[in-house]
Structure formats: structure tokens, C-alpha cells
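Here are my notes for your first look at this model. Keep the structure open as you read, and find each residue as it comes up.

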Amino acid sequence: MITVEGLTRKYGAFTAVDDITFTAEPGRVTGFLGPNGAGKTTTMRVMVGLTRATRGRVRVGGHDYAAIPNPGRHVGVLLDASAQHAGRTGREVLTVGARTMGLPSSRVDEMLGLVSLSDEEAGRRVRNYSLGMRQRLGIAHALLGDPQVLILDEPANGLDPAGIRWMRGLLKGYAERGGTVLLSSHLLNEVQLIADDIVMIGRGRIVAQGTPESLLQDVGTFVRATDNDRLGTALTDSGIAFAPQGKGLLADSEAVAVGRAARDHQLTLVELRPTDGGLEDLFLELTADAQRDDLTEGAVR
Amino acid sequence: MTATPTPGAAPGAAPLGSLDLSDSRRIPFTRLVRVELRKMADTRAGFWLLVSIVLITAAIITIFFLAADESDRVFINFIGITATPQGLLLPVLGILLVTSEWGQRTALTTFALEPSRPRVLWAKVAAALLIGLAAIVVAVALAALATVIGGQDGAWENIGADDFGNLAILQVSGLVQGLAFGMVLLNSAGAIVAYFVLPIAFSIVANLWTAMRDAAPWVDIGTAQGPLAAGVDLTGEQWAQVLVVTLIWIVLPFAVGLWRVLRAEVK
């Protein structure tokens, strides 16, 4: 289990991670979803003690990561598949890890087999690996110490569809045996395929969390008027709860009721649509503000 | 593809989701040192740097053997001639020991497996010292071999434990200085350039600037360490000078580097 409590990380005036709280439960695969630069990697780096938290705390299995003796035996970490010495062979990368953790070299062969890296491939230098092979090597490294918790940053990046399916099987099986998996991704369908729970982050803040099903249920109607302030008043008068979202409001009701409320107050609507277009729409809406290259914004300016 | 890993669940232990650490021990320091030694030799660059230290040591002894007068083929000369090439290469080894972790970003993995950064750095220092001593052993062995082949009378005279000691101090301090420069700059090229250029530049300035000339033995590492390589007995003042330059050029950068590495965000 991983618990993140009120975590904030600032770099000068820039807040990379802004007061986030969530839990990755054992026995489940938790997908940490957000656009690039949303704060996923920073959060994961704080988890394993590579970056200091400005405020808040992270506990891995009830402990401070830095206080876990020989942490590789308890927590498997893959932060960046490219962060391997280009001059080492794949097998040597695993051997260095196994030696550090005090594992027999037979464990290296087991892991190479698990991620389907052949002897010939394992003997090649990492410089000559494709991104997909590096990811497999990184996953093998994370699993070396037979950990109960896995923290994987963008592990599916660079994998082909078959590779993603393979990883889903691997991680699901791992979670079913009681393991905790937290994996990040900037691609919604990757997370949809693999995760049991989703934590969405945008611009350093958590914008939604829950199972994919509950996230779909929760959505109501996205509505935008020429005057959103009056629209808010109109919705309140009609007893419809809402929250600001992007350039409009997310109303907790059906489109018909929202449309009526607008008509009663003689408001001009610019957009009115049920947000039932799958998680993808939700993801895009929830993270619209956080997107670095927001096309709509760019066009206006 | 069929097998899936089973998370290592401790039987009958701890509530679900919390890690049972009762069976866990800290990684022993000796193991960290062994891993650091392995990492020095498991890349082509590292391996050939080690091999070249041995080969160049052998080459310089061979060249001296062929070029020197027969009467000069004595142990103290052979061992003395190895000091320069080793003194150039060992610091590079020390620099790469730190900077390759940052350049290749393996520090991410290293510090994830051992979150105590001071322990990792001390393991690197210990590994560097072991390599430095091994290099001296190689030099001594090759010098002895050359001496035997030379077969001069009195070839083994004028050798004391202090000569080996001085050589060890010289080479080990170079290695640690390299490590320290690596830790300060965390960049291979920058650290290597700084290591070789800074003391030379400093030396030039010290010699041009008359006011500095008297102080040079106290602040210029090349001047102060000169006697260590010369195979002479050092006076008390000279030892004090060695100590002072060690503080300035090795201990100070090491402290700054330590501070930097402990605080730096590992990217």
C-alpha cells in the first residue's frame, strides 16, 4: 500500500505537485494518469526519496521509503527506463542490482525469462536496446527483489500493443497475489487497459480519482454559456449542483434539466453536452487546463 | 510469458498492505563496496581505463629500463617512474566513479536501492582507495620484476617503508581529489578539465605573482606534493604543507561535493 498525504513540492515559485492525497491499495493496480508535466514523476520521485517533499508525506507499506532497509527487496522501482548505463549489458544491469540486494545470480536469469529477454539480447549493451527492450529490462529490475510494492513511471511507454497486453497480464497477476502496483501514464487507454483504480492529476493537483466505472458514472453535463456566472445562479436556483471546469461548468444533472434552467433565465448556451463520451472525454476535459499546448487557448491569444 | 511474479508476502505477518521489515537488514557496507568495484570494471570505458593503468605502468618501466644507464636500473627509480602516469590516470578513475552515475543517470537506481547517499559515497571512496592500493601493488610488482631483470648490485638499497607510504599518500590523495571534483561538478568532462587545469592555472598565477611565490608551497598542490614523489624524507614543515594543500584541494572540494550530492535532486 502506498499512501500520499497532502504532498506538495515546489520549485521556487513553481508548484509541481500541489497538496495531493491518494492511496494505492494492495491487490490492485492503480493508474496514475495525467498529461506530461502534471507532476506524476515528481510524486513518484518523492515516494522513493529522490526528491524531497516541500510539505506532506508519503508512506510505502506504512514506512518512510528511506527507512526501509534494503528497499529493493520490498519496493520495486522503475522511474526511467532510459536511466541505465549505456555501456552495460542488460544482464550486467540486473546483476549489479541483484548483487546490491544480495540476491543469487539465478534470480537474474529468472527475471530475464519473465520479461522475455533472450540470452543474446541480455548480452547486448543497453545502448543498442530499443525503448521497449529497456522497459522490459526496467521491469525485470523492479521485480528482481521480489517486492510487495511496485512503483513504475510510464512503464508502457515504448511497448507495442502486444507488449502492453503482456504487461497487463503481468501486473494484474501480480496484484491478484496481493501486491500493490502504482503505474503512471499520460495515455488514457493504457491506464484503462491495465488499472483497477485511476488517480488523475493535472497541473499538480488531483482532478479525479476512483475506478474507471465510477469515474464514468459521476460525470453529468458539461455546459457553457456566454455568461457563466449567471448560468451558475440559474443552476443553483434549479437545485442543480455544479463545479467549474475548463471554460464552463460541469453540472450534476441531465442535459435536459440544465437546458431548462438556462431557458428559464434566458441564457445563451454555447455548449451543452452530456459527458458520457467515455473516459477519454473526461480525461481531456479534466486536464484541459493542464495541457501544455492547449490549442483553443493558443488560437485565442 | 505465462509466469507471473508473486509478490513476496511474509507469512502470517503485518496487516495487508504494510511491509514487514522484521527480516530486513541494511545492505552491508562491504557489499556496497564490492558493487562499486564491479561497476568500475563492467563497462568498456571502465575496463579499459583499469587495463590501461596496468599497461602504461608496464610501458613506462620498460621504457625507463631500456633508456636508463645500467647503474640506474634500481628499484627506487623504477617505482618512482610509475608515479607520474598513475598519478594522471587514477584521478580520472575517481572522477568517473561519481560522474558516470550522473551522466548515465544510474544514480536513480543506485539511490533507490540504497537511499542513504552518504553510505553510497563512502562505498565509492573505499572502492577508490582499494583500486589506488591495487595500482601501487602492480607498480611495486612490475618495478621489482624490472629490478630483478636489471640485476644491479645494491639495486634494493635506499628503500624504506616511508617510500611506499609517500607513494600511497600521493596516489590515494589524487584519487580522492578526483572523486571530490566529480562530486562538485557531477559532470565527467567538466570535472576532468577542472582537475587538470585548475591546479596548473593556480600554479602559474602563484609563480607570476611575487607576493604569492612564498606562499606557493602552502597553497599549490603540485609544489607541496613534489617531495612525496621525489623519494626524499620530508621535513616537518613539508608535512605541514602537504596537510594544508590536502585541506584546500581535497577536503574542501570533498565537503562541497558531499553537500551537493546529498542535497541534489537525482534526475
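1. Is G31(A) buried or exposed? This is a predicted model, so the answer is computed from predicted positions. G31(A) has 25 C-beta neighbours inside 10 Å. The cut-off for a buried residue is 20 or more. G31(A) therefore counts as buried.

2. Now place that glycine. G31(A) sits in strand β3 of chain A, which covers residues 29-33. Leaving out residues up to four places away in sequence, G31(A) touches L183(A), S185(A), V191(A), I194(A), A195(A), D197(A) and I198(A). Compare T226(A): 195 residues separate it from G31(A) in sequence, and the C-alpha to C-alpha distance is 36 Å.

3. Next, look at helix α5 of chain A, residues 131-143. Check its length. At 1.5 Å a residue, its 13 residues should span 18 Å. The end C-alpha atoms are 18 Å apart, which agrees.

4. How many of the 13 residues of α5(A) are buried? The count is 11, so the helix is largely enclosed by the rest of the structure. The buried residues are M133(A), R134(A), Q135(A), R136(A), L137(A), G138(A), I139(A), A140(A), H141(A), A142(A) and L143(A). Their cover includes two strands of chain A, β5 (75-78) and β6 (149-152). It also includes the chain A helices α2 (90-101), α3 (106-114) and α4 (119-122).

5. Move to chain B. Two packed helices are described by the angle between their axes and the distance between the axes. For α2(B) and α3(B) (residues 75-103), the angle is about 165 degrees and the axes are 9 Å apart. An angle over 145 degrees counts as roughly antiparallel. That is why α2(B) is called roughly antiparallel to α3(B). Their crossing is right-handed.

6. Which residues of α2(B) and α3(B) make the contact? From α2(B), they include L49(B), I53(B), I56(B), I60(B) and F64(B). From α3(B), they include F78(B), I81(B), L89(B), V92(B) and L96(B). By class, this contact has 13 nonpolar, 6 polar and no charged residues.

7. Finally, see how the chains meet. In chain B, 39 residues are in contact with 50 residues of chain A. The chain B elements that give two or more residues to this side are α1 (29-41), α2 (44-67) and α4 (107-113). By class, the side of chain B that touches chain A has 17 nonpolar, 11 polar and 11 charged residues. Note α2(B): this helix gives residues to the side touching chain A, and it also packs with α3(B).

Technical notes. Residues are numbered from 1 along each chain as its sequence is written. Chains are lettered from A and ligands numbered from 1 in the order in which they are written. This is a predicted model: local features need pLDDT of at least 70, side-chain atom pairs count only at pLDDT 80 or more; totals for chains, interfaces and linings use all residues. Two residues are in contact if their C-beta atoms, placed from the backbone, lie within 7 Å. Helices (H or I, at least four residues) and strands (E, at least two) are DSSP runs, numbered from the N terminus. Ala, Val, Leu, Ile, Met, Phe, Trp, Tyr, Cys and Pro count as nonpolar, Asp, Glu, Lys and Arg as charged, and the others, Gly among them, as polar. A residue is buried if 20 or more other C-beta atoms lie within 10 Å of its own, exposed if 12 or fewer, and partly exposed in between; C-beta atoms are placed from the backbone. Axes are lines fitted to C-alpha atoms, for helices over the stretch in contact, and angles run from 0 to 180 degrees between N-to-C directions. Angles under 35 degrees count as roughly parallel, over 145 as roughly antiparallel, 65 to 115 as roughly perpendicular and the rest as oblique. A crossing is left-handed if the near helix is turned anticlockwise from the far one by less than a right angle, and right-handed if clockwise. The expected span of a helix is 1.5 Å times one less than its number of residues.
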